[in-house]
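Thanks for coming. Please have a look at the screen.

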Amino acid sequence: MWCKPLRISSRNCFCNNRCARHRTAAAGKFWTARQVVVNLRFAMSQVPKWFERKFDFSFPTELHPNLCIRLRGAPARLEELVRECSCEVLVRKREDKWSAQEHAGHLLDVEPLWMARVKDFVVGGSELTVADLSNRKTHEANHNARSIAEILADFRKARLRLVNCVQEKDPALFGRSLLHPRLKKPMRLVDHLYFVAEHDDHHLAWIWELIDAH
Ligand code: NI
(Lines give C-alpha, C1' and ligand atoms only; values in the text may rest on other atoms or scores of the structure.)
Protein backbone atom coordinates (compact mmCIF):
# COMPACT_ATOMS: atom_id res chain seq x y z
CA MET A 1 0.00 0.00 0.00
CA TRP A 2 1.54 3.26 -1.16
CA CYS A 3 1.12 6.77 0.19
CA LYS A 4 0.61 9.45 -2.42
CA PRO A 5 2.20 11.74 -3.33
CA LEU A 6 5.90 10.93 -2.84
CA ARG A 7 6.47 13.87 -0.52
CA ILE A 8 4.42 12.94 2.44
CA SER A 9 2.72 15.18 4.91
CA SER A 10 0.18 14.34 7.56
CA ARG A 11 -2.46 15.94 5.31
CA ASN A 12 -2.17 13.65 2.32
CA CYS A 13 -1.04 10.29 3.61
CA PHE A 14 -3.71 7.71 4.33
CA CYS A 15 -1.53 4.96 5.72
CA ASN A 16 -1.30 6.09 9.36
CA ASN A 17 2.48 6.39 8.90
CA ARG A 18 2.89 2.64 8.71
CA CYS A 19 3.69 2.06 5.06
CA ALA A 20 7.32 1.41 4.12
CA ARG A 21 7.57 4.46 1.92
CA HIS A 22 6.29 6.73 4.65
CA ARG A 23 8.77 5.40 7.19
CA THR A 24 11.65 5.99 4.81
CA ALA A 25 10.39 9.45 3.94
CA ALA A 26 9.99 10.24 7.62
CA ALA A 27 13.66 9.37 8.08
CA GLY A 28 14.43 12.17 5.64
CA LYS A 29 15.05 9.97 2.62
CA PHE A 30 13.09 9.66 -0.60
CA TRP A 31 13.36 6.65 -2.85
CA THR A 32 14.28 6.30 -6.46
CA ALA A 33 12.34 3.71 -8.49
CA ARG A 34 15.13 1.15 -8.01
CA GLN A 35 15.25 1.84 -4.27
CA VAL A 36 11.52 1.20 -4.07
CA VAL A 37 11.97 -2.27 -5.58
CA VAL A 38 15.07 -3.05 -3.53
CA ASN A 39 13.62 -1.81 -0.25
CA LEU A 40 10.46 -3.81 -0.73
CA ARG A 41 12.56 -6.93 -1.25
CA PHE A 42 14.59 -5.98 1.80
CA ALA A 43 11.45 -5.67 3.88
CA MET A 44 10.17 -9.12 2.98
CA SER A 45 12.42 -12.09 2.33
CA GLN A 46 11.62 -14.39 -0.57
CA VAL A 47 13.68 -17.22 0.94
CA PRO A 48 11.44 -20.08 2.14
CA LYS A 49 11.50 -20.75 5.88
CA TRP A 50 13.94 -23.54 6.71
CA PHE A 51 11.83 -25.21 9.36
CA GLU A 52 8.89 -25.43 6.96
CA ARG A 53 10.87 -27.24 4.26
CA LYS A 54 9.82 -30.73 3.29
CA PHE A 55 12.44 -33.16 2.02
CA ASP A 56 12.08 -35.96 -0.46
CA PHE A 57 14.71 -38.60 0.18
CA SER A 58 13.75 -40.95 -2.66
CA PHE A 59 16.75 -40.30 -4.93
CA PRO A 60 19.37 -43.04 -5.55
CA THR A 61 22.19 -43.53 -3.05
CA GLU A 62 24.63 -43.46 -5.99
CA LEU A 63 24.21 -39.68 -6.19
CA HIS A 64 26.65 -39.21 -3.30
CA PRO A 65 29.58 -37.94 -5.46
CA ASN A 66 27.33 -35.18 -6.86
CA LEU A 67 26.32 -34.14 -3.37
CA CYS A 68 29.94 -34.18 -2.21
CA ILE A 69 30.92 -31.75 -4.95
CA ARG A 70 27.99 -29.49 -4.05
CA LEU A 71 29.26 -29.42 -0.47
CA ARG A 72 32.84 -28.94 -1.66
CA GLY A 73 31.79 -25.86 -3.65
CA ALA A 74 29.98 -24.02 -0.85
CA PRO A 75 33.02 -22.06 0.47
CA ALA A 76 33.84 -20.83 -3.06
CA ARG A 77 30.23 -19.76 -3.65
CA LEU A 78 30.16 -17.92 -0.34
CA GLU A 79 33.50 -16.22 -1.05
CA GLU A 80 32.31 -15.14 -4.50
CA LEU A 81 29.10 -13.72 -3.06
CA VAL A 82 30.74 -11.48 -0.45
CA ARG A 83 33.93 -10.60 -2.37
CA GLU A 84 32.82 -7.17 -3.57
CA CYS A 85 30.83 -6.32 -0.48
CA SER A 86 31.66 -3.55 1.98
CA CYS A 87 31.82 -4.35 5.70
CA GLU A 88 28.93 -1.98 6.23
CA VAL A 89 26.64 -3.99 3.95
CA LEU A 90 27.83 -7.33 5.33
CA VAL A 91 27.03 -6.48 8.95
CA ARG A 92 23.80 -4.62 8.30
CA LYS A 93 20.86 -6.22 10.09
CA ARG A 94 17.29 -6.35 8.87
CA GLU A 95 15.25 -5.60 11.97
CA ASP A 96 16.33 -8.21 14.53
CA LYS A 97 17.34 -10.78 11.92
CA TRP A 98 20.85 -11.93 11.04
CA SER A 99 23.13 -9.88 8.83
CA ALA A 100 24.79 -11.43 5.75
CA GLN A 101 27.93 -11.93 7.83
CA GLU A 102 25.97 -13.66 10.59
CA HIS A 103 24.46 -16.03 8.02
CA ALA A 104 28.01 -16.80 6.87
CA GLY A 105 29.09 -17.33 10.48
CA HIS A 106 26.11 -19.63 11.02
CA LEU A 107 27.29 -21.87 8.16
CA LEU A 108 30.52 -22.26 10.10
CA ASP A 109 28.69 -22.80 13.42
CA VAL A 110 26.72 -25.81 12.16
CA GLU A 111 29.69 -27.68 10.65
CA PRO A 112 30.36 -29.58 13.93
CA LEU A 113 26.73 -30.82 13.86
CA TRP A 114 27.09 -32.06 10.28
CA MET A 115 30.32 -33.84 11.24
CA ALA A 116 28.74 -35.36 14.37
CA ARG A 117 25.94 -36.76 12.20
CA VAL A 118 28.42 -38.29 9.74
CA LYS A 119 29.99 -40.03 12.75
CA ASP A 120 26.52 -41.19 13.87
CA PHE A 121 26.22 -43.10 10.57
CA VAL A 122 29.58 -44.77 11.18
CA VAL A 123 28.79 -45.72 14.78
CA GLY A 124 25.19 -46.79 14.04
CA GLY A 125 22.37 -46.53 16.59
CA SER A 126 18.86 -45.28 16.01
CA GLU A 127 18.83 -41.48 15.92
CA LEU A 128 21.02 -38.66 14.64
CA THR A 129 22.59 -36.06 16.93
CA VAL A 130 20.01 -33.42 17.88
CA ALA A 131 20.44 -29.87 16.56
CA ASP A 132 20.07 -26.78 18.72
CA LEU A 133 16.94 -25.42 17.07
CA SER A 134 17.34 -22.04 18.76
CA ASN A 135 20.69 -21.47 16.97
CA ARG A 136 22.09 -20.18 20.24
CA LYS A 137 25.67 -20.58 19.04
CA THR A 138 25.14 -18.09 16.19
CA HIS A 139 23.13 -15.66 18.31
CA GLU A 140 25.92 -15.55 20.88
CA ALA A 141 28.92 -15.65 18.53
CA ASN A 142 28.84 -11.95 17.58
CA HIS A 143 30.01 -12.74 14.05
CA ASN A 144 29.60 -9.09 13.08
CA ALA A 145 32.59 -8.25 15.28
CA ARG A 146 34.84 -10.71 13.42
CA SER A 147 36.48 -10.22 10.07
CA ILE A 148 34.68 -11.80 7.12
CA ALA A 149 38.04 -13.16 5.89
CA GLU A 150 38.42 -15.13 9.10
CA ILE A 151 34.89 -16.56 8.85
CA LEU A 152 35.48 -17.54 5.20
CA ALA A 153 38.81 -19.20 5.99
CA ASP A 154 37.37 -21.13 8.95
CA PHE A 155 34.34 -22.26 6.94
CA ARG A 156 36.55 -23.44 4.08
CA LYS A 157 38.72 -25.40 6.51
CA ALA A 158 35.75 -26.99 8.31
CA ARG A 159 33.96 -27.85 5.07
CA LEU A 160 37.02 -29.51 3.53
CA ARG A 161 37.39 -31.56 6.69
CA LEU A 162 33.75 -32.67 6.38
CA VAL A 163 33.97 -33.54 2.68
CA ASN A 164 37.28 -35.38 3.11
CA CYS A 165 35.82 -37.37 5.98
CA VAL A 166 32.75 -38.34 3.91
CA GLN A 167 34.79 -39.30 0.87
CA GLU A 168 36.85 -41.80 2.82
CA LYS A 169 33.74 -43.79 3.70
CA ASP A 170 32.84 -47.16 2.27
CA PRO A 171 30.20 -46.59 -0.47
CA ALA A 172 27.86 -48.99 1.36
CA LEU A 173 27.66 -46.52 4.26
CA PHE A 174 25.84 -43.92 2.13
CA GLY A 175 22.71 -46.09 2.21
CA ARG A 176 22.72 -46.57 6.00
CA SER A 177 19.70 -44.97 7.61
CA LEU A 178 19.08 -43.26 10.98
CA LEU A 179 16.11 -41.29 12.29
CA HIS A 180 16.28 -37.52 11.89
CA PRO A 181 15.13 -36.15 15.27
CA ARG A 182 13.20 -33.11 13.98
CA LEU A 183 11.85 -34.42 10.67
CA LYS A 184 10.93 -37.72 12.32
CA LYS A 185 11.84 -39.63 9.20
CA PRO A 186 14.66 -41.98 8.28
CA MET A 187 17.65 -40.32 6.70
CA ARG A 188 20.46 -42.08 4.83
CA LEU A 189 23.99 -40.69 4.88
CA VAL A 190 23.39 -39.56 1.28
CA ASP A 191 20.22 -37.78 2.45
CA HIS A 192 22.24 -36.07 5.16
CA LEU A 193 24.60 -34.71 2.48
CA TYR A 194 21.61 -33.44 0.51
CA PHE A 195 20.17 -31.85 3.66
CA VAL A 196 23.47 -30.02 4.34
CA ALA A 197 23.68 -28.82 0.71
CA GLU A 198 20.11 -27.50 0.93
CA HIS A 199 20.95 -25.79 4.23
CA ASP A 200 23.95 -24.14 2.52
CA ASP A 201 21.69 -22.92 -0.28
CA HIS A 202 19.16 -21.59 2.20
CA HIS A 203 21.72 -19.36 3.88
CA LEU A 204 23.48 -18.42 0.63
CA ALA A 205 20.10 -17.28 -0.72
CA TRP A 206 19.64 -15.14 2.39
CA ILE A 207 23.12 -13.64 1.99
CA TRP A 208 22.50 -12.88 -1.67
CA GLU A 209 19.20 -11.24 -0.86
CA LEU A 210 20.71 -9.14 1.93
CA ILE A 211 23.73 -7.89 -0.01
CA ASP A 212 21.71 -7.33 -3.17
CA ALA A 213 19.36 -5.01 -1.29
CA HIS A 214 21.75 -2.17 -0.57
NI1 NI B 1 20.56 -22.66 9.46
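Asn135 is partly exposed, with 15 other C-beta atoms within 10 Å. For that term, a residue is buried if 20 or more other C-beta atoms lie within 10 Å of its own, exposed if 12 or fewer, and partly exposed in between, with C-beta atoms placed from the backbone. Asn135 sits in the loop between α6 (111-123) and α7 (136-141). Helices here are DSSP runs of H or I with at least four residues, strands are runs of E with at least two, and both are numbered from the N terminus.

Two remarks on the source. This is a predicted model, where local features need pLDDT of at least 70, side-chain atom pairs count only at pLDDT 80 or more, and totals for chains, interfaces and linings use all residues. Residues are numbered from 1 along each chain as its sequence is written.

Asn135 is not a glycine, yet its phi is positive, about 55 degrees. Most residues other than glycine have a negative phi. What is the phi of Asn142? Asn142 is also not a glycine, and its phi is positive, near 55 degrees. Asn142 belongs to the loop between α7 and α8 (148-167), and it counts as exposed, with 10 C-beta neighbours inside 10 Å.

Now α6. This helix has 13 residues and reaches 19 Å from its first C-alpha to its last, close to the 18 Å expected at 1.5 Å a residue; the expected span is 1.5 Å times one less than the number of residues. Which residues of α6 are buried? They are Trp114, Arg117, Val118 and Phe121. Seen down the axis of α6, the buried residues fall within an arc of 105 degrees, so they line one face of the helix. That arc is taken over the directions from the helix axis to the C-beta atoms. The face turned away from the buried side carries the exposed residues Lys119, Val122 and Val123. Just after α6, Gly124 takes a positive phi of about 95 degrees.

Last, α3 (residues 64-82). It has 19 residues and reaches 28 Å from its first C-alpha to its last, close to the 27 Å expected. A kink of about 35 degrees lies at Ala74, shortly before the proline Pro75; the bend is the angle between axes fitted to the seven residues ending at a residue and the seven starting there. Both Ala74 and Pro75 are among the buried residues of α3.
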